[in-house]
Amino acid sequence: MAGEQATAADIVKWIEDLWVPEGRLLGQKFKLADWQISCLESIYDNPHGTRRAILSFSRKCGKSTLCALLLLVHLCGPRARPNSQLYSTAQSREQAAVIFNLAAKIARMSPALRDFVTVRDSTKELLCPSLGTRYRALSADASTAYGLSPSLTIHDELGQCRGPRSTLYEALETAVGAQEDPLSIIISTQAPTDGDLLSILIDDALGGHDPRTVVKLYTAPRTLDPFARETIALANPALGSFLNEREVMAMAEDARRMPAREAEFRNLILNQRVEACNPFLQPALWQACAGEVADISGRECYAGLDLSEVRDLTALVVISKVDGI
């Protein structure tokens, strides 16, 4: 079924002839949701052609399964290119194995693929001998990624990369010079800070500088109630379908009751750029202190200064009488 000009509709039709490898829909054929089809359309129906695609939504919305399906699309499906090299990247060997295992299960379970795909479990490789295509899973803790020539690279959870650089990402992104139309797909929850690699890539893509770079960002705006279902749904397009709504709302309630859980909830569930750590002061408490400062210019004032030592705050309070108060 190789054909480099296959559209998103062709790819959806091909994927929906494959079988779900695990979970409550085990053994049934895939049925892509509207938001997943929209992601595929942004990649494969771009009139300018797509060099880089960034898909960002919260965890447990099927990122790994989507990665596995896209790899198979390029290994032996509608977008397969003869004798091409395909790679997926992850920050650890365990994470890299997730995508490979899913793709291998789909290939073994689906009658349309099992006779065409060879699985090498020991090296985490998939091959399509009739097309000469080869896929391998790579991790950031591997020895090197230089010397490769990928036509497709899928970067899984690039948001886990801290700082503006990743050796593995750079090695693969600079190795595509020999390819006519290379494609990189990044599928990840957002990174915690603006200075992290994924954040830099997203901000550049949203700037619209290159029409060959597309981005689909599902995130909850900071101005909305973080614990409302409507807000949570903005970052969780799979909510209510294959994402368990009851469990997600229970996580929201935990974060509401326990402020120490809020940062992690905002980053992983609302897909916001928030450090998932224990802050000294929760944002909601800080915002509750907002208000207008009285005008005490020209009045007699008294100041109280409390100096800090090691784990304390320095505080300066200025008071004055205004209208008898």
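This is a predicted model: local features need pLDDT of at least 70, side-chain atom pairs count only at pLDDT 80 or more; totals for chains, interfaces and linings use all residues.
Student: Does Gln-272 count as buried or exposed?
Tutor: Gln-272 is found in the loop between H9 and helix H10 (283–288); helices (H or I, at least four residues) and strands (E, at least two) are DSSP runs numbered from the N terminus. Leaving aside neighbours within four places in sequence, Gln-272 is in contact (heavy atoms within 4.5 Å) with residues including Gln-190, Thr-219, Pro-221 and Arg-266. Because its relative accessibility is 3%, Gln-272 counts as buried.

Student: How many helices and strands does the chain have, and what share of its residues count as buried?
Tutor: The C-alpha trace spans about 90 × 40 × 40 Å along its principal axes. The secondary structure comes to 10 helices and 10 strands. Of the 325 residues, the share that count as buried is 45%.

Student: In what order do the eight strands of the open sheet stand, and which strands are at its edges?
Tutor: Two strands pair if DSSP finds at least two bridges between them. The pairing in this open sheet is mixed, and the order is S3-S4-S5-S2-S6-S7-S1-S8. A strand at the edge has a single partner strand, so one side of it is left without a neighbour in the sheet; the strands in that position are S3 (118–120) and S8 (213–217).

Student: By what angle are neighbouring strands of this sheet turned against each other on average?
Tutor: Axes are lines fitted to C-alpha atoms, for helices over the stretch in contact, and angles run from 0 to 180 degrees between N-to-C directions. For neighbouring strands of this sheet, with direction ignored, the average turn is 15°.

Student: How many bridges join S4 to S5, and which residue in the turn of their hairpin has a positive phi?
Tutor: S4 and S5 run antiparallel and are joined by four bridges; Cys-128 has Thr-133 in S5 as its bridge partner. The hairpin leaves four residues between the two strands, and the residue in the turn with a positive phi, of about 75°, is Gly-132.

Student: In which sense do S2 and S5 pair, and how many residues of S5 are buried?
Tutor: Six bridges join S2 and S5, and the sense is parallel. Within this pairing, Ala-137 of S5 is the bridge partner of Ser-88. S5 is largely enclosed by the rest of the structure, because the buried residues number five of the seven.

Student: With which side chain does the side chain of Glu-125 make a polar contact?
Tutor: Glu-125 lies in strand S4 and counts as buried because its relative accessibility is 6%. A polar contact is a pair of N or O atoms within 3.5 Å; within protein, one must be able to donate a hydrogen and the other to accept it, and residues adjacent in sequence count only if both atoms are side-chain atoms. At 2.7 Å, the partner of Glu-125 is the side chain of Thr-123.

Student: Which residues of H8 are buried, and which helices do they pack against?
Tutor: The buried residues are Val-248, Ala-252 and Ala-255. They cover an arc, taken from the directions from the helix axis to the C-beta atoms, of only 60°, which puts them on the same side of H8. On the other side of H8, Arg-246 and Arg-257 are exposed. The helices against which the buried residues pack are H7 (229–235) and H9 (262–268).

Note on methods: Residues are numbered from 1 along each chain as its sequence is written. Side-chain values use heavy atoms; hydrogens and water are left out. Buried means under 20% relative accessible area, exposed over 50%, partly exposed in between (1.4 Å probe, protein chains only).
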